[in-house]
Amino acid sequence: MKRESKINETPPVCGIEYDEKPPEEKCSHCKNKAVIYLPYAERYLCKTHFIKHFEKTFFGTLSEFKMINKGDKIALGLSGGKDSITLLHMLSLLKKKLPYELFAITIDLGIGCDYNKETIRIAKQECEKLGIEHHLFKLKDDLGCTLDEIVEKTGTRNPCSFCGVAKRYYLNKHARELGAKKIAIAHTLNDTAETIMMNILRNEPLRLFRYNEHLIRDEKFVQRIKPFLRIPESEVIAYGRLKGLPILEKKCCPYSVFAFRKFVRMQIEELEKRYPGTRFKILNSFLEMQKMFKTDGREFKIRHCAICDEPSSKEICKLCELKQKLSLR
Ligand code: SF4
Ligand code: ZN
Ligand code: ZN
């Protein structure tokens, strides 16, 4: 299928908000027209220089944190949204440089909206195009009910917390059963900065430090890697657009309005506008604090749930707690 690229008609994409349009400028490195402005670096970049910058940051992050090694079997958590579709393409690009195995897992949450159907369709289509093995699991089959049914049964005002628990649990379980060594997830710099701030605001320091997943040693726990750790969401979108990928930019999950994350996101966005580079500063402070955080390993010890035997930080895992709430056991 031929992809439509609107790059020539698309105005430059600003590095903070992808729908804000900076003035027409030349690239800071050559005479070509800029397609993006990076406020934290005070640089305009043309298509060629932006793609170079993006790929350099991506591959640099992979090697900085030794995320993928030769021969590794990697499962990609592929929702089919903009970030994970771009990550699918980047990981597929990596296969040309490094011999390793890649497959994708999509969890169909069973949200009755067009966005859910569309993301699953795109996930399937892109894996087929790139020749990547794709596994689709339905939450209804795994848990016995869809996310819509969970929301209805529990009357929760925070569907994201249940959704997060279920996605994390089943992604880990399926990836492990399919033989993955690591799970790649498309968390961008924005997601990481928000997670750090949310854990601070909720006074959950241990949860914050457990973000250091490479320290967790457990045969049932599959380490998660975040190759977009140092890349702002706006740049992931810009790269996807420039490469003509089928990225859904505006439509999003109908439950996202309930999220505490959304509120934190808005606050960080405000800060970023006033003080460009705030997200990088949050991430870098966190990485520095992690180095200073001395541990004998206890903090990262994972137990197994007394009911389902899956990895858990408490005696009963959060999914089994959810099942109890739903009386599904
Ligand atoms: Fe799940 Fe919330 Fe994301 Fe929707 S917005 S997919 S409910 S975490
Ligand atoms: Zn240039
Ligand atoms: Zn359990």
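1. Is Glu 233 buried or exposed? Glu 233 is buried, because its relative accessible area is 8% (buried is under 20%, exposed over 50%, partly exposed in between, with a 1.4 Å probe and protein chains only).

2. This is a predicted model, in which local features need pLDDT of at least 70, side-chain atom pairs count only at pLDDT 80 or more, and totals for chains, interfaces and linings use all residues. Residues are numbered from 1 along each chain as its sequence is written, chains are lettered from A and ligands numbered from 1 in the order in which they are written, and side-chain values use heavy atoms, with hydrogens and water left out.

3. Glu 233 lies in helix α9, residues 233-242 (helices are DSSP runs of H or I, at least four residues, and strands are runs of E, at least two, numbered from the N terminus). Its side chain makes a polar contact of 3.1 Å with the side chain of Lys 82, and another of 3.3 Å with that of Arg 265 (a polar contact is a pair of N or O atoms within 3.5 Å; within protein, one must be able to donate a hydrogen and the other to accept it, and residues adjacent in sequence count only if both atoms are side-chain atoms).

4. The zinc ion (ligand 2) is held by Cys 27 (SG), Cys 30 (SG), Cys 46 (SG) and His 49 (ND1), at 2.1 to 2.4 Å (donors are N, O and S atoms within 2.8 Å of the metal, 3.2 Å for Na, K and Ca). Cys 30, in the loop between β1 (13-14) and β2 (36-38), and His 49, in helix α1 (residues 47-64), are 19 residues apart.
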